[in-house]
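Let's walk through a protein model together, one piece at a time. Keep the structure open beside you and look for each part as we come to it.

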Amino acid sequence: MTQPWTTPSTTAPATKLLFLSRPPSFAPRATVTLGKMNHNEEQDHLDALFKQKRALRSRVRKALKAMDPALRSQEDNDIQSIVLKSPWFQSSTGLCAYISCNALREVDTSKLLSEILQNPAKDGHTQVGKRLYVPRVEDKKSHMRMLNISCIDDLVANSMDILEPAPVDGDGNEREDVMQANEPVDLFLLPGLAFDRSGRRLGRGGGYYDTFLKKYQELAKANAWKQPFLVALSYSLQIMDEGIISVTPNDILVDALVSPTGVIPISQAALER
Ligand SMILES: Nc1nc2c(c(=O)[nH]1)N(C=O)[C@@H](CNc1ccc(C(=O)N[C@@H](CCC(=O)O)C(=O)O)cc1)CN2
Ligand SMILES: Nc1ncnc2c1ncn2[C@@H]1O[C@H](COP(=O)(O)OP(=O)(O)OP(=O)(O)O)[C@@H](O)[C@H]1O
């Protein structure tokens, strides 16, 4: 899969960010000369971008809180149906998905998770189930692991009230960490607060996913595995016009979005699927 913008060598340096990040209409236009920022100016510029991200998060959180519950439920169903029918979901053998949190108004993943975990038998043939890994926050320094679960009852609420697996399963066995797995995952279903059609994704500000995705992409590269397909699930109101979402150096772009009206392919890999 070609995903040039996510390789470490092409990660945007701070001095080039102005090319990538048109300031939103409410932000003052930066007046620095490109390529000539000193360390302090670079840090000020980064601070301004993170400030724009915080402002956008707060706007989107408010809009999500105000969303009509019936519309939200309809969009949850539409998005999950689209995922269930997509060839990249159906053919996936290993995936990392988030456990949606209702209080955070995240796109529901419960139908997807039950489908993945039920491991159905069809036409008398037992299908090999998909391997599922879900997030577990280890500390506040952007460290998250993705652990294997085989049953939804394996989850307990963490301090942020998000369901996650204990490191050890009911039989006392350590859960498999996707970073230690022998087989790759081919699909990530990603949460977020805002997205755009160029693949930008605004998370909740912890840096957990960007940090994790970078490490996983490096692991895939080191093992000569195909890069995983990165798909974000988005309510209609979370899709922004281009330029609204600021980009900072560690951001990883997604390959595709799933909105209630369909899949929005972004990368070459997505266009080829
Ligand atoms: N379902 C789900 N699981 C996930 C994530 C996620 O975004 N969604 N994460 C993705 O990173 C990690 C956890 N990170 C999180 C970061 C912030 C908040 C949170 O509650 N944020 C509040 C604001 C808190 C504040 O500003 O002090 C919010 O967004 O309303 C939750 C999880 C791992 N697991
Ligand atoms: N002014 C700043 N300068 C440098 N780093 C910052 C600044 N503000 C926040 N960070 C760091 O950036 C990271 C958050 O990045 P970002 O806002 O892109 O996260 P996100 O994409 O919303 O989160 P996630 O990747 O979990 O979805 C955190 O590790 C945080 O410590």
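The buried residues of helix 3 are covered by several elements, including helix 4 (87–90), helix 5 (110–118), strand 11 (229–233) and strand 13 (256–259); contact here asks for C-beta atoms, placed from the backbone, within 7 Å. Helices (H or I, at least four residues) and strands (E, at least two) are DSSP runs, numbered from the N terminus. This is a predicted model, where local features need pLDDT of at least 70 and side-chain atom pairs count only at pLDDT 80 or more, while totals for chains, interfaces and linings use all residues. Residues are numbered from 1 along each chain as its sequence is written, and chains are lettered from A and ligands numbered from 1 in the order in which they are written.

Which residues of helix 3 are buried? They are Glu75, Asp76, Ile79, Gln80 and Val83. These residues lie on the same side of helix 3, because they cover an arc of only 125 degrees around the axis, taken from the directions from the helix axis to the C-beta atoms. On the other side, Ala70, Ser73, Gln74 and Lys85 are exposed. A residue is buried if 20 or more other C-beta atoms lie within 10 Å of its own, exposed if 12 or fewer, and partly exposed in between, with C-beta atoms placed from the backbone.

Now move to a pair of strands. Strand 4 (residues 131–139) and strand 5 (residues 143–149) run antiparallel and are joined over 7 bridges; strands pair if DSSP finds at least two bridges between them. Val134 has Leu147 in strand 5 as its bridge partner. The two strands make a hairpin with 3 residues between them, and Ser142 in the turn has a positive phi of about 60 degrees.

Elsewhere, 3 strands form an open sheet in the order 10-9-12, with mixed pairing. Its edge strands, strand 10 (201–202) and strand 12 (239–240), each pair on one side only. Strand 9 (residues 194–196) pairs with strand 10 in the antiparallel sense over 2 bridges, and Phe195 stands opposite Arg201.

Finally, find ligand 2. It is surrounded by 16 residues, of which the closest are Phe50, Gly203, Gly207, Tyr209 and Asp210; being near means a C-beta atom, placed from the backbone, within 6 Å. Helix 2 (39–65) and helix 6 (208–222) each give two or more residues to this shell, and helix 2 gives the most, with 4 residues. Helix 2 also holds Arg54, which is partly exposed because 13 other C-beta atoms lie within 10 Å.

Definitions and conventions
Contact = placed C-beta atoms within 7 Å.
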